[in-house]
Amino acid sequence: MDDSVRDKLVKIFGKQILSVGHERLMVLNIACTDGFVTNERLRSVLNIHKAEIADLLKDMCCSDLLIAEGRGRGTKYRLPDFVPNMATSVPNMATSVPNMATSKKKMNSEEFKELIKSKAAEWISLEELAVSVNRSHKYLRTNIIPRLMEEGVLEMLFPGIPNHPRQKYKSIDGK
């Protein structure tokens, strides 16, 4: 395990994380380096059955070591405190200059809608959108996206399949 990964895991969970066992550390290592881990990815790394991997991931979620995103075969698991490095795909995220997107300031719904419309001028994934507006993907997925879809502000890349693994959103021009 890389020292930077070890330091990040210790920062998130404390020193006791280093004694959780080899398989769990492997899962956390992949989740830390790749941003997420899947059952399918772990099948190529761990020498255990996919059902055992599912049980391991479920147990790690119950122990607050991982957070599940999605359901079924497309489920991704990430570290609870992990935000993917979107500096290359989302402009101004790497800078320290505060702006509406990086500060978690209280906005009225109209301001927030305009912010999302501007960020979704081109196709953007839910994870990228969540990072760019400094909100959780779960909050956006359950509260914001459905409302904006209903209002005709956003459109889906794969309409009718909201849980598509490559789902992206784009603002509809003229709204």
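**Helices, a sheet and a few loops**

Reader: Hi! How do helix 1 and helix 2 lie to each other, roughly perpendicular or roughly parallel?
Author: Helix 1 and helix 2 are roughly perpendicular to each other. That label covers angles of 65 to 115 degrees, while under 35 is roughly parallel, over 145 roughly antiparallel, and the rest oblique. Here the axes of helix 1 (residues 3-13) and helix 2 (residues 22-34) cross at roughly 100° and come within 10 Å. The axes are lines fitted to C-alpha atoms, for helices over the stretch in contact, and the angles run from 0 to 180 degrees between N-to-C directions.

Reader: Before we go on, what kind of model is this?
Author: This is a predicted model, in which local features need pLDDT of at least 70, side-chain atom pairs count only at pLDDT 80 or more, and totals for chains, interfaces and linings use all residues. Residues are numbered from 1 along each chain as its sequence is written, and side-chain values use heavy atoms, leaving out hydrogens and water.

Reader: Okay, which residues in helix 1 meet helix 2?
Author: Val5, Lys8, Leu9 and Phe13 of helix 1 meet Leu28, Asn29, Cys32 and Thr33 of helix 2, where contact means heavy atoms within 4.5 Å. The residues of this contact divide into five nonpolar, two polar and one charged.

Reader: Zooming out, how many helices and strands are in the chain?
Author: The chain has seven helices and five strands. Both are DSSP runs numbered from the N terminus: helices are H or I of at least four residues, strands are E of at least two. From the N terminus, the elements run α-α-α-α-β-β-α-β-α-α-β-β.

Reader: What order do the strands have in the open sheet?
Author: The open sheet of three strands has the order 3-5-4, with antiparallel pairing; two strands pair if DSSP finds at least two bridges between them. Strand 3 and strand 4 are the edge strands, each pairing on one side only. Helix 7 packs on the sheet, touching strand 4 and strand 5, and its direction makes about 100° with that of strand 4.

Reader: How many bridges join strand 3 to strand 5?
Author: Two bridges join strand 3 to strand 5, and serine 125 stands opposite lysine 168 in strand 5. Strand 4 (residues 154-156) pairs with strand 5 over three bridges. There, methionine 156 has tyrosine 169 as its bridge partner, and leucine 154 stands opposite serine 171.

Reader: What about helix 6: how many of its residues are buried?
Author: Seven of the eight residues of helix 6 (residues 126-133) are buried. What covers the buried residues includes helix 5 (109-119), strand 3 (124-125), helix 7 (137-150) and strand 5 (168-171).

Reader: What phi does asparagine 134 have?
Author: Asparagine 134 has a positive phi of about 55° although it is not a glycine. Asparagine 134 is in the loop between helix 6 and helix 7, and at 27% relative accessibility it counts as partly exposed.

Reader: Last one: where is arginine 166?
Author: Arginine 166 is in the loop between strand 4 and strand 5, and it is exposed, with a relative accessible area of 57%. Not counting residues up to four places away in sequence, arginine 166 touches Leu157 and Phe158.

Notes: Buried < 20%, exposed > 50% of the residue type's maximum accessible area, 1.4 Å probe, protein only. Nonpolar A, V, L, I, M, F, W, Y, C, P; charged D, E, K, R; others polar.
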